[in-house]
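User: I would like to learn how to read the features of a structural model, one at a time. Could you take me through this one?

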Amino acid sequence: MNQPSNYIPPKVWAWNKENGGRFARTNRPVSGATHEQALPVGRHPLQLYSQGTPNGVKVTVMLEELLALGREGAQYDAWLIRIGEGDQFGSGFVGINPNSKIPALLDRSAAAPIRVFESGAILLYLAEKFGAFLPTAAAARAECLSWLFWQMGSAPFVGGGFGHFYAYAPEKIEYAIDRYAMETKRLLDVLDKRLAQSEYVAGPDYTIADMACWPWYGGLVKFDQYSAAEFLAVHEYKNVRRWADQIDERPAARRGRMVNRTSGDLASQLHERHDAADFENRTQDKLAQQK
């Protein structure tokens, strides 16, 4: 066991900017813009401002899947918001998402632009706008939305809890890591048992529930998110692994995972996306670099 901490919480909490954490430079206890920064606008109806974190990947997978279905109205420009550099606190981004979190979407297809923020809200908005990946029958729709919001509720435990204390905190705190590792494994077990009964999360069909869950739980079992696969013994969750592999075989999911990505192999990164040809051009650029 770790030695007991000598920390005693004060009567009133005060912000310590020099807390040493990985996100100390950008995290703060107040909202709003820190600087003036207009957002770029491309030529497509949908303007996405994001980064290729699990929450950002949800939306780019959805958009690529819509385009794979032939929904040309889903053409989009994806602009990189570098959250480690504080781009999310620019005035233009805050105007779309007052909570300063990626992803944020601006739909310019109507007379007046429509803003949508929160990844689950964006998935639901796009599903309803294009009539895809969301069942219409009452029971099936309810099941899909239940799993969508299950993921939205679980993400803080996986990312903000386990991921933060295991991978990003300035010191390893046994209690915090144990607490969130236990909850992350419980959530993996919930999903594993569900996928033992069903091919996809919400039933027999691929839906926005899968798109919400895959970047997070697929990230843990297939892509070694937080370098924690061994620590969490993810090999135990055979049904989650089967499902994660199945979605990874979808070309649209693979493309979506590349968009706005800034980590990993350069061949897996497409910082901005403005046209389908950008994926091919990115591959050619990588091959040129290797010569």
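Analyst: A definition is needed at the outset: a residue is called buried when its relative accessible area is under 20%. Please also keep in mind that this is a predicted model.

User: Which residues of α3 are buried?

Analyst: They are S119, G120, I122, L123, L124, Y125, L126, A127 and F130.

User: What covers the buried residues of α3?

Analyst: The cover includes the strands β1 (46-50), β3 (104-107) and β4 (114-117), together with the helices α1 (54-68), α4 (138-168) and α6 (208-221).

User: How far does α3 reach from its first C-alpha to its last?

Analyst: α3 spans residues 119-130 and reaches 17 Å, close to the 16 Å expected at 1.5 Å a residue. Just after α3, G131 takes a positive phi of about 60 degrees.

User: How should I read a nonpolar core, and which residues touch the most other members here?

Analyst: In soluble globular proteins, nonpolar side chains tend to be buried together. In this model the largest nonpolar core has 66 residues, and M62, L126, I208, Y217 and W243 touch the most other members. Helix α6 provides the largest share of this core, with 10 residues. A second, separate core has nine residues, among them Y49, I102, A104 and L106.

User: With which residues is L126 in contact, leaving aside neighbours within four places in sequence?

Analyst: L126 is in contact with L46, V59, M62, L63, L66, L105 and G131. L126 itself is one of the buried residues of α3.

User: Let us turn to the sheet. What is the order of its strands?

Analyst: The order is β2-β1-β3-β4, in an open sheet of four strands with mixed pairing. β2 (76-80) and β4 stand at the edges with a single partner strand each, so one side of each is left without a neighbour in the sheet. Direction ignored, neighbouring strands are turned by 20 degrees against each other on average.

User: In which sense do β1 and β2 pair, and over how many bridges?

Analyst: The pairing of β1 and β2 is parallel, over five bridges. Within β2, W79 stands opposite Y49.

User: Now the backbone. Is the peptide bond from I102 to P103 cis or trans?

Analyst: This peptide bond is cis, with omega near 0 degrees. P103 belongs to the loop between α2 (91-96) and β3.

User: What are the phi values of Y226 and S227?

Analyst: Phi is near 65 degrees for Y226, a positive value in a residue other than glycine. S227 is not a glycine either, and its phi is positive at about 55 degrees. Y226 is located in the loop between α6 and α7 (238-248), and S227 is found in the loop between α6 and α7 as well.

User: Which of them is buried and which is exposed?

Analyst: Y226 is buried, with a relative accessible area of 14%, whereas S227 is exposed, at 56%.

User: How is a pair of aromatic rings described, and how many aromatic pairs does the structure hold?

Analyst: Such a pair is described by the distance of the centres and the angle of the planes. The structure holds 12 aromatic pairs. One of them joins W150 and Y217, which are stacked at 5.4 Å centre to centre with 25 degrees between the planes. W150 lies in helix α4 and Y217 in helix α6, so the pair ties together parts that are 67 residues apart in sequence. Both residues, W150 and Y217, are buried.

User: How far apart are the ring centres of F162 and Y166?

Analyst: The centres are 5.0 Å apart and the planes stand at 15 degrees, so the pair is stacked. F162 and Y166 are four residues apart in helix α4, a separation of about one helical turn. F162 is buried, with a relative accessible area of 1%.

User: Which residues do ring pairs link into a cluster?

Analyst: The cluster consists of F162, Y166, Y168, Y226 and F231.

Note on methods. Residues are numbered from 1 along each chain as its sequence is written. This is a predicted model: local features need pLDDT of at least 70, side-chain atom pairs count only at pLDDT 80 or more; totals for chains, interfaces and linings use all residues. Side-chain values use heavy atoms; hydrogens and water are left out. Helices (H or I, at least four residues) and strands (E, at least two) are DSSP runs, numbered from the N terminus. The expected span of a helix is 1.5 Å times one less than its number of residues. Buried means under 20% relative accessible area, exposed over 50%, partly exposed in between (1.4 Å probe, protein chains only). Contact means heavy atoms within 4.5 Å. A nonpolar core is a set of buried Ala, Val, Leu, Ile, Met, Phe, Trp, Tyr and Cys residues joined through side-chain atoms within 4.5 Å. Two strands pair if DSSP finds at least two bridges between them. Axes are lines fitted to C-alpha atoms, for helices over the stretch in contact, and angles run from 0 to 180 degrees between N-to-C directions. Rings of Phe, Tyr and Trp (its six-membered ring) pair if their centres lie within 6.5 Å; planes under 30 degrees apart count as stacked, over 60 as edge-to-face and the rest as tilted.
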